[in-house]
Structure formats: C-alpha cells, structure tokens
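Welcome! Open your viewer, get ready to select residues, and follow along stop by stop.

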Amino acid sequence: MERTRRRRSVLAALTAVSLAVPGITALSSAARAADADVAVNGGFESGLTSWTCTAGTTVNSPVHSGSSALQATPAGGDNAQCTQTVTVQPNAQYTLSGYVRGSYVYLGASGTGTTDVSAWTQSAPDWQKLSTTFRTGAATTKVTIYTHGWYGTGAYQADDITLVGPGGSGTTQPPAAPAGLKTTTVTSSSVGLSWSALTGATGYAVYRDGVKVQTVTGTSATVSGLAASTAYGFQVTAVNEAGESAKSAVVTATTSPGTGGGGGGGSSDLPAHALVGYLHASFANGAGYTRLADVPDSWDVIDLAFGEPTSVTSGDIRFNRCPVTECPNVESDAEFKAAIKAKQAAGKKVLISIGGQNGQVQLTTTAARDTFVSSVSNIIDTYGLDGLDIDFEGHSLSLNAGDTDFKNPTTPVIVNLISALKTLKAKYGAKFVLTMAPETFFVQNGYQFYGSGKWGGQDPRCGAYLPVIHALRDDLTLLHVQDYNSGPIMGLDNQYHSMGGADFHIAMTDMLLTGFPVAGDQNNVFPPLRPDQVAIGMPASTNAGNGHVSPAEVTKTLDCLTKKTNCGSYTTHGTWPALRGLMTWSVNWDRYANWEFQKNFDAYFG
C-alpha cells in the first residue's frame, strides 16, 4: 500500500510537469524506459524464485510490504546468504536498495567490474532501509546482488530489494503461464504430466497441491511418492532469467488403488495402521528382559535390538542374544526361533535392527559393503526374519565436503549403504521388509542444513540420511524418525519446534509427508513419502527417552495428521488418513509402564 501511494504521487507530479512543459515529455519517457528495477522477485512474492539461498525461506510475517518476505537463519559456519545474478549494462550507474530486520544484516553487490559494494546494519529491530550505489565496468554484463546475516546470530528478514538502473540486454519479463497441462500415465504411486512448450522458457516447475515438488527442462514430468486412491491437484509454471510465470490451470488426478499397503518394500500385508516396537533382544537394561513369545499381539512389527559390528568399519554385523547372566529369563535359541515363527504365523513381522546408540557402522569401502550384505543375510537366514531395520546413529553417517546433492551422493559410507540395501532387497524380493529409524538431526534438520554446507563449517552429519531415504524410497516399507532425544528443529512454518507436545510430532511428520527444500534451496526439494510409509517414533515412557508425551498428546497428533482436527498452533499441509502408525522405543519400556503406549494405540485405531 505504501509503495502504491508513492507511485501515484510521482505519476501525478510527472503528469503536471509534462502538461506545463511539453518538451520534457520525451525526456521523461526516455528516462523511465532506461532506468528500471532489474532485480527479479525482490519482494519475495514468488517464494525464492530467482534467488539462491543457503538457509533461507519465505514468511508471511513480518513483511515490509506485500504478503511475503525473506527469512534466513545463520549458523556457526553459514551466514545464510541469498544471491541473485542480474543482467546489467556496462559502464552504467546502479542503486541497490532493500529493507531488512535483524542484527548484522548485509546488502551488497559483487562482480561489478569496478568496486564491489555493500551496506549493513548492526541492529534493526524494525524494518530499516539499506542502500548503496556502484558503477559497472566496461565489460560487465552480469552482477550478483546478495543479502546475508552474520555467523551464529539470529534469523534476519529482507524485503523489497531493488536494483535500479539501465535494463540489461537479457530477458526482462517472466514467461506466460504454460498451457495444455494434462495427465499421462497414472499408477498407484505416481502421476505423469505433460504440457505445451513455451518460447523463451528455460525450465518448468511442477507443483503438487500448491507445493513445488520438481523442476525440469522439458515439457513432461512424473510426480512419484503418492498415496494410492488419492486425488491430487497439479500445476506447472515456466521459468526464465527474469523469473517464474503464474501457475497454470489446475489438473486433478486420482491415483489407482494399491495392493493393500500402497507400495513396495514388503508393506502389502501390513495392517492399515501398524504398531512398531523395539524389543531388547541382546541386553536387558532397567526395563528388564521380555521374551518374544510374551510380546502382545498388538505389536505388528518387532525390531530385534540390536545387531552390531565387530568394528566401526568392518561391515561385519553380529547378533548376540542376551546372556543368561544379564537376562536370567532369556529363552533358548530354539524357543526364540519358535517364537519368531509363531509371530509370523499371526501376521507379524520380525526384523533385525542394525546399529543403535552404541553400534556405529561406517561402510567406508566396497569390501565392508559386501561383508555387511553377507553378515546381515546370515542373521536373517539363521533366524528366518522378515527383513531389516537401519538404526544408524551417532557418527555412522556423514557427508564428505562437496557432497551437496542428496539425489546424487558421492560419500562412500552413503553410496555403499545404499548399494548394500538394494542388494539385500533384490536378494529377498518383494516381501522383504525394510525400515529406518533415523534421528531428526539426520532428516528434518536437512531443511536448514545439509552436510558441511557449500562453504564448509557445518556439522557434516546434517541431513545425512536424506540421500539414503531418497535412493530407497521405492523399496522402503517404513520410515519412523525418532521424534525424541532431539534438539529444536525448524518446521515448514519456519518456526523452531521442541519436544514435549503434539506440536513437535505434527510438524516433524508434516515435513515427511509434504516434502521440503533441502538447505533452503527451492530447486532441490526432497519429495514427500507416501503416508503408508511413515510411522511416528515416540518414547514409550519417561524412562525410555527424552521427549515422552502423554496419551492425550499422542491422540492430538493422530487427530491432526489423519483428520485435521484437534490441531494446535501448527497448520499441516494436508490430511493423511493412511498414515501407517506409531513406533516406540521400546516394547520393554512399554511393558515396564503397564503397556500405556500400546493401549492408547489400540484404543485409537481399534
């Protein structure tokens, strides 16, 4: 509104002058044509289109004008810089301006061909205008404008960034909205799309239910990771150097029915809503030992904790059952195997879980990878198990410097793990159950940070599970992230969420089911998982781990995610009645707490 009023007053003044002095009309028109705002999407009304950010996103509040602004949060080794490369003319004068909030916020230009410039403020509790000028060099046709905060300080905001001067020789207008959008092949988990080509477009962005999920250079795309028998709305935009077009008309498609569980990974014969629990099979601790035969029928997937390596990098996994000295009531091997068969006859799945808090596994070589495959196969075959759970924690997974694309990882421990799991899946076939239990630091934290970052300095474990999950999403039965023992994590509302209530579980699960840009890069989106692939990980009791919530908070979580009722302060991006269920650490601790977690699950899902 403020800028609209200004435009009217300037226009009125110019009109009055032109009426009084006709000779000025041509000069005024020429000046207006020559000097323009050559920055694209400086008000962030189109999200981060045309901007590249290390840790940025858009917010609806606070804003300087319009409905959106940039918000970015620096970390210890990342100043949360957002950049845009702009076409300019040589030997020309430009003025860079913008409004910022926060501490130690910078606005500047580089690659000017003369003297690079910047302006900054030490403290701006409310919107403050920053402005600077520069002249381009004799051969300069591109300039990079940027804004950033300072390492380790709080979030900053920026809005209404302009670069005023002679327009460059490149494209000055975004393309029109694409036409002819239609569906092609539709399956139970994917929808194919095609549309008409647009002259001047350099790429296209695909939106599912209003969320950008893909960028392509051609005129077709396949959106995967969808739920069976579910309606979706799709739109496409066209992109060029000047920015992104308006969205096309919506095309709706309903995925075909699945085969019971909605996809691969051996999930077809799981119940619609499953209860997953870890059974202390190799140790007792304060919860005591529970014999497998004594686990109630409510538990649909039982993870035997744990298989551990002979050394961190050997890849040689051994499963040693709890000794009688620690677990006086432990069953014999014959009784244990008989209990596994009995559970399977009742429709339950029994898996070996690899890793845990003390079982660090790093497959640094192909030899370790091959040993992992053979040793895990031996455990599965010896006990007649249904599959494998990956519970790599601590320093098992991290990303090497320069490994910044979760879709194409290069770090050996990541690449070798993916290869090993694909080999096991191929060996045992469609009924092989594959689950994963990463911590939030390795998954949702990837929304802000990925690996050591483009400039280094971050914890290389940030988001390190994302390439593994993505590479195996078609083979993955269940992902149940540990929503416990976690620090605050930023959700898709760009607010930090902490353990202790339904809000944390809702926000963390919404990220998995909606997808999210990795490290704030809107052109590098981690696609959503199917709801039947997702269970929510919670501690069974206060003794089991930090982050325990009451049954009432568990019910709120399920209500919000599956019915969009009983929600708190967080607004989800969808409703997922097919959400698979809950996971808990652990069966033993739930028994210690008089089966409170199990009873609440049974009461909710019936």
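**First stop: a hairpin**

Select strand S11 (residues 191-194) and S10: three bridges join the two, which run antiparallel. Strands here are DSSP runs (E, at least two residues), helices are DSSP runs too (H or I, at least four), and both are numbered from the N terminus. Two strands count as paired if DSSP finds at least two bridges between them. S10 and S11 make a hairpin, with four residues between them. Show Thr183 and you will find Leu193 of S11 opposite; likewise, Lys182 stands opposite Ser194 in S11.

Before moving on, a word on what you have open: this is a predicted model, in which local features need pLDDT of at least 70 and side-chain atom pairs count only at pLDDT 80 or more, while totals for chains, interfaces and linings use all residues. Residues are numbered from 1 along each chain as its sequence is written, and side-chain values use heavy atoms, with hydrogens and water left out.

**Widen the view: the sheet**

The three strands form an open sheet in the order S10-S11-S14, with antiparallel pairing. Which strands stand at the edges? They are S10 (182-186) and S14 (220-223); each has a single partner strand, so one side of each has no neighbour in the sheet. On average, neighbouring strands of this sheet are turned by 25° against each other, direction ignored.

**Next: a glycine in a loop**

Jump to Gly47, in the loop between strand S1 (35-37) and strand S2 (52-53). Leaving aside neighbours within four places in sequence, Gly47 is in contact (heavy atoms within 4.5 Å) with Asn41 and Thr58. Thr58 is 11 residues from Gly47 along the chain, and their C-alpha atoms are separated by 5.7 Å.

**Then: an annotated span**

Select residues 273-606, which an unreviewed UniProt entry annotates as "domain: GH18"; such annotations may be inferred rather than shown by experiment. The span is 29% helix and 17% strand, and its end C-alpha atoms lie 10 Å apart.

**Last stop: two helices**

Finally, pick helix H7 (residues 502-514) and helix H8 (residues 551-563), which pack at an angle of about 35° with their axes 8 Å apart. Axes are lines fitted to C-alpha atoms, for helices over the stretch in contact, and angles run from 0 to 180 degrees between N-to-C directions. Show the side chains of Ala502, His505, Ile506, Thr509 and Asp510 in H7, which meet Glu553, Lys556, Thr557, Cys560 and Leu561 in H8.
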